[in-house]
Amino acid sequence: MPAVTVTDITALPRIATAGPGAVPRPVRTVTSAPSGFEGEGFPVRRAFAGVPLEHLDPFVHMDQMGEVEYAPGEPKGTAWHPHRGFETVTYMLDGIMEHADSNGGGGVITNGDTQWMTAGGGILHIEAPPEHLVVSGGLFHGVQLWVNLPRSRKWSPPRYQDIRAGEVALLASDDGGVLVRVIAGSVGDQHGPGSTHTPITIAHATASPGAQLTLPWRPDFNALVYVLAGEGTVGVEQRPIRKGQLAVFGPGDTISVAAVTGQASHEPELDVLVLGGRPIREPVAWMGPFVMNTRVEVVQAFEDFQAGRLGTIPAVHNTPTEVVESSRSEQG
Ligand code: MN
């Protein structure tokens, strides 16, 4: 799991220890992500399945994509598809993903890069491994998070941000055993590069066996920890958690995570995503690729998509830009 690594963790700024009055957040639930398939058939874990939307708010959905080792010719992506009413945040740990959208946004992301797409009022996009990776096969591992937009921002113009691995803020735990990469928002006084419509924090932490992390966390944010790899515990109550599980924390000032001493040999460290944001506290009407406030708005989104009002698929060079038909049978 490369993402961003450092040779000397101890040279990084340390996360300040919590003050004496800081309240540790209790663990409310630990749930296990079921496995499924997305797009043309790439394996995912549905990280938030079974968790009430009120506990996830401002987040809606998250898939851990892979980790999968593809054979040559096997890598799969998605077809062109629409979104409206939220933002997709895609963080690649291993492998390469190409993205293109009907607003002209797009690019290639790889080890530790993030792409941030604001669908806003509507967009079409495609996400797929590049041709050379399809040919060669290889390791593929990433995360896609859906961040809701408040009613006042659902109709924002679409936007695309590329966040390169080298731009994330790096921190070390007090014991020097945990590397924390701040992708968006802030941890203490360290700020990540992602620019967000609603205040959120996204961090990826890698903990050595036996290491412990206590993060200051804004009391007005919710708090979620999802395990990408390895085994550990969450909370001061040291509740066990492992790969594919999500912890939802209750109110308080700090989040704690620890890696167990004996990790499996193929996953020697604990890797977690730590997520939080200020809840939007509006009704959510979500179906398929659309996250709106009301059922009527979801129906409208499907109609607008069918009518071509969410954008058009860009023309591919040297291919027809309108329907070409042949009336002559080639048979016999
Ligand atoms: Mn999509």
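This is a predicted model: local features need pLDDT of at least 70, side-chain atom pairs count only at pLDDT 80 or more; totals for chains, interfaces and linings use all residues.
Reader: How many cavities of 30 Å³ or more does a search of the whole structure find, and what is the volume of the largest cavity?
Author: Rolling a probe the size of a water molecule over the atoms shows where empty space is left. Searched as a whole, the structure holds two cavities of 30 Å³ or more, and the volume of the largest cavity is about 50 Å³.

Reader: Which elements give two or more residues to the lining of the largest cavity?
Author: The lining of this cavity consists of Val89, Tyr91, Val143, Leu145, Ile183, Ile202, Leu273 and Leu275, and by class these are eight nonpolar residues, with no polar and no charged ones. The elements that contribute two or more of the lining residues are β6 (86-94), β11 (138-148) and β24 (270-277).

Reader: Are the residues on the two faces of β22 buried or exposed?
Author: In a regular strand the side chains alternate between the two faces of the sheet. On one side of β22 lie Gln245, Ala247 and Phe249, and on the other Leu246 and Val248; five of the five residues of this strand are buried.

Reader: Which residue in β22 is the bridge partner of Leu224?
Author: β22 pairs in the antiparallel sense with β1 (residues 27-32) over five bridges, and there Val30 stands opposite Ala247. Strand β19 (residues 223-229) is also antiparallel to β22, joined by four bridges, and the partner of Leu224 in β22 is Val248.

Technical notes
Residues are numbered from 1 along each chain as its sequence is written. Side-chain values use heavy atoms; hydrogens and water are left out. On a 1 Å grid over the protein atoms alone, a cavity is a set of points where a 1.4 Å probe fits but cannot get out, and a pocket is an open set with protein on both sides within 12 Å along at least five of seven lines; lining residues have an atom within 4 Å of a point. Grid points are joined across faces, edges and corners, and a volume is the space filled by probe spheres set on the points. Ala, Val, Leu, Ile, Met, Phe, Trp, Tyr, Cys and Pro count as nonpolar, Asp, Glu, Lys and Arg as charged, and the others, Gly among them, as polar. Buried means under 20% relative accessible area, exposed over 50%, partly exposed in between (1.4 Å probe, protein chains only). Two strands pair if DSSP finds at least two bridges between them.
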